Amino acid sequence: MADPQMEASAGPELMEEGEPLLSNLDIFLFSLIVGLFVYWVVFRKKTEAIPEFKKLETPETSFIEKMKKTGKNIVVFYGSQTGTAEEFANRLSKDAQRYGMKGMAADPEEYDMSELSRLKEIDNSLAIFCMATYGEGDPTDNAQDFYDWLQEGDADLDGLNYTVFSLGNKTYEHYNAMGKYVDKRLSELGAKRIFDLGLGDDDGNLEEDFVSWREQFWPAVCEHFGVEATGEESSIRQYELKVHEDLNMNKIYTGELGRLKSFENQKPPFDSKNPFLAPVTVNRKLNKGGDRHLMHLELDITGSKIRYESGDHVAVYPTNDATIVNRLGEVLGVDLDTVISLNNLDEESNKKHPFPCPTTYRTALTHYLDITNSPRTNVLYELAQYASDPKDQENMRKMASSSPEGKALYQSWVLDSCRNILAILEDLPSLRPPIDHLCELLPRLQARYYSIASSSKVHPNSIHICAVVVEYKTKTGRTNKGVATNWLKSKVPTDNGHKATVPMYIRKSQFRLPFKASNPVIMIGPGTGIAPFMGFIQERAWLREQGKEVGETVLYFGCRHKNEDFLYQEELEAFEKEGVLTRLNVAFSRDQEHKVYVQHQLKNNKEAVWRQIHTDNAHIYICGMDPCKTSSKQCLRHQALNS
């Protein structure tokens with residue numbers, strides 16, 4: 001056996017004598033490495049190709065450049081919370097074509113409003129503002145930045161032609177405040193008002209107010225710019241239909257409001273375009289008797305990062321009754337599960353579709369379109385062409401006119417009879433419009449707002465709702481049901497192991513408790529108007545527990561019968577017993593021969609009320625039915641004058 005040490009010492013000597021550069025072992029190892037590399041290259045698991053992300057197309061923020069590019073000279077801005085102002089803006093922009101002009105509806109939130117000073121660069125240009133007022137004289141969410149700009153800016157708007165139509169409600173103290181402010185401020189900045197401010201009152205007949213203003217507005221525009229109406233009264237389509245065959249189901253909207261599949265993959269922050277699906281943990285009936293259904297719901301917001309304060313509103317997105325949706329499909333003879341898109345004919349418009357597309361007719365009618373309110377006159381006008389009976393055509397066009405006879409017919413046959421689009425189609429058998437045009441014309445189904453009935457100090461992960469289910473008989477014998485309240489009523493916390501959820505977000509409010517807890521508060525809230533005050537009372541109780549000095553907390557609540565609809569009776573009586581409620585005043589309007597309301601309770605306690613207001617600097621809050629708010633305010637003014 002050879003000596004290892006001798007073999008080792010002989011190696012270098014052998015190499016020097018001409019041995020190969022690579023030994024068999026080296027060749028083996030080299031081959032192994034090469035083989036492994038080839039195997040890795042050929043047989044490795046293919047990774048998914050990284051998608052090539054195209055640069056996102058950001059919407060054009062210059063409405064001036066867009067108008068120049070598309071040859072438009074009228075821009076209609078809208079400040080809209082419930083969709084009505086946006087609807088009016090769209091109608092005005094379509095009207096422009098009938099007067100030889102070209103218009104576009106625009107959301108002020110999407111554009112640089114400082115460019116108003118440049119509108120004079122376009123010949124015969126005009127800016128129209130359809131501005132709704134929200135809450136206590138506030139701008140709508142999408143008009144907030146524009147409002148701030150008007151307040152803070154000192155732009156020179158000389159050469160800007162404008163007019164304003166304002167939407168409000170006379171029962172509110174700050175009636176049409178936003179529209180009035182925009183009208184006044186634009187004039188102060190040098191703009192020229194070419195037609196009087198229009199005031200629409202939702203407590204009366206908002207549609208009639210708008211139509212009457214519009215009928216006088218366009219002749220004034222023609223006179224100002226020296227143009228004539230073209231006489232073109234034919235229907236003007238804004239969208240074209242595309243039917244999809246064999247489209248991937250993952251690309252079809254099923255009720256989402258913004259991002260596709262956002263309900264399956266929830267990501268904060270949550271807002272109007274990205275609502276949170278809150279599980280319903282409590283849904284109980286509040287009233288002990290009577291023919292109404294008053295309910296208390298609790299929504300779980302754990303993990304959502306949603307924050308709220310007492311007095312805020314919770315917005316919920318309801319869905320329409322499947323029975324009505326199916327009946328519409330039957331009457332129009334269409335397959336509701338057809339996948340479609342409605343594409344804007346104006347390729348430059350920021351609004352590509354009237355609702356999220358592609359989707360099905362069923363989804364559109366269930367989640368996106370308002371099919372239960374009475375249609376406005378413009379919808380009747382556009383649909384009239386599809387009535388095969390000339391008499392039906394005539395009546396529909398008459399109702400859409402501004403004639404006294406037409407207004408009276410629309411009021412009695414549509415509004416007073418509470419006819420929705422299904423009732424109209426059923427009562428006019430000759431009217432069978434294409435469903436795609438109907439979907440284009442119907443307004444969007446809007447979120448419903450409820451005052452939050454809880455305090456985040458006590459319930460940080462829960463939002464409480466107090467509501468009454470709406471259901472009534474119409475003059476035609478039909479039963480109409482409130483969309484949101486009946487939908488909420490059906491939200492049972494657990495249904496066969498499935499959690500009921502509600503798409504929601506928070507809308508901030510100016511309805512706030514006083515900064516100093518020592519200030520007294522007087523709360524007046526009949527019926528479900530008690531909702532925000534439940535949050536206020538809970539918060540005052542929490543402040544007491546924290547050792548804070550809390551002023552008098554007085555509640556005036558009204559209902560029909562003590563034994564039927566005394567809402568939150570146990571909780572309120574417990575708060576009074578604990579001293580959280582200094583005084584609980586309840587008016588039961590129908591428990592005696594003569595009706596007693598909260599304003600009567602206020603009169604009975606006028607000395608205490610005046611002391612709290614005049615001496616102790618009490619804060620007064622009123623929430624509830626409009627007649628009660630008006631009467632309570634009159635009562636308080638009368639007491640102040642007499643004192």
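The chain has 21 helices and 24 strands. Both are DSSP runs numbered from the N terminus: helices are H or I with at least four residues, strands are E with at least two. This is a predicted model, in which local features need pLDDT of at least 70, side-chain atom pairs count only at pLDDT 80 or more, and totals for chains, interfaces and linings use all residues. Residues are numbered from 1 along each chain as its sequence is written, and side-chain values use heavy atoms, with hydrogens and water left out.

**The chain as a whole**

- Of the 643 residues, 49% count as buried. Buried means under 20% relative accessible area, exposed means over 50%, and partly exposed lies in between (1.4 Å probe, protein chains only).
- The chain exposes about 32800 Å², and carbon and sulfur atoms supply 50% of that area. Accessible areas come from the Shrake-Rupley method with a 1.4 Å probe; for residues, only the protein chains shown count as cover.
- Among contacts with a separation of 6 or more, 75% join residues 24 or more positions apart. Contact means heavy atoms within 4.5 Å.

**Helix α4**

- Helix α4 covers residues 84–98. Its 15 residues should span 21 Å at 1.5 Å a residue, and its end C-alpha atoms are 22 Å apart, which agrees. The expected span is 1.5 Å times one less than the number of residues.
- In α4, 13 of the 15 residues are buried, so the helix is largely enclosed by the rest of the structure.
- Gly 100 follows α4 and has a positive phi, near 70 degrees.

**Helix α5**

- Phe 146, Tyr 147 and Leu 150 are buried in helix α5 (residues 144–152). They cover an arc of only 100 degrees around the axis, which puts them on the same side of α5. The arc is that of the directions from the helix axis to the C-beta atoms.
- An α-helix has 3.6 residues a turn, so residues three or four places apart point the same way.
- Exposed residues Asp 145 and Glu 152 sit on the face of α5 turned away from its buried side.
- The cover over the buried residues of α5 includes β3 (126–134), β4 (138–139) and α6 (177–188).

**Nonpolar cores**

- The largest nonpolar core has 38 residues. Such a core is a set of buried Ala, Val, Leu, Ile, Met, Phe, Trp, Tyr and Cys residues joined through side-chain atoms within 4.5 Å. Phe 355, Leu 365, Leu 369 and Ile 371 have the most contacts inside this core.
- Elements that each supply at least two residues of this core include α8 (322–332), β12 (339–344) and α9 (361–368). The largest share, 5 residues, comes from α8.
- Leaving aside neighbours within four places in sequence, the contacts of Ile 371 include Ile 324, Val 325, Leu 328 and Leu 365.
- Another core, of 29 residues, lies apart from the largest one. Met 523, Phe 533, Phe 566 and Tyr 568 are among its residues.

**Aromatic pairs**

- The whole structure holds 27 aromatic pairs. Rings of Phe, Tyr and Trp (its six-membered ring) pair if their centres lie within 6.5 Å; planes under 30 degrees apart count as stacked, over 60 as edge-to-face and the rest as tilted.
- The ring centres of Phe 557 and Phe 566 are 5.8 Å apart with planes at 20 degrees, so this pair is stacked. Phe 557 is buried at a relative accessible area of 0%, and Phe 566 is buried at 4%.
- Ring pairs link a cluster made of Phe 88, Tyr 99, Phe 165, Phe 195, Phe 210, Trp 213, Phe 217 and Trp 218.

**Backbone exceptions**

- Most residues other than glycine have a negative phi, and most peptide bonds are trans.
- The peptide bond from Pro 268 to Pro 269 is cis, with omega near 0 degrees. Pro 269 is in the loop between β8 (239–243) and β9 (276–285).
- Cys 357 and Pro 358 are also joined by a cis peptide bond, with omega about 0 degrees. Pro 358 is in the loop between β12 and β13 (359–360).
- Lys 261 is not a glycine, yet has a positive phi of about 65 degrees. Lys 261 lies in the loop between β8 and β9 and is buried, with a relative accessible area of 18%.
- Lys 305 is not a glycine either, and has a positive phi of about 65 degrees. Lys 305 is in the loop between β10 (294–300) and β11 (313–316) and is exposed at 64% relative accessibility.
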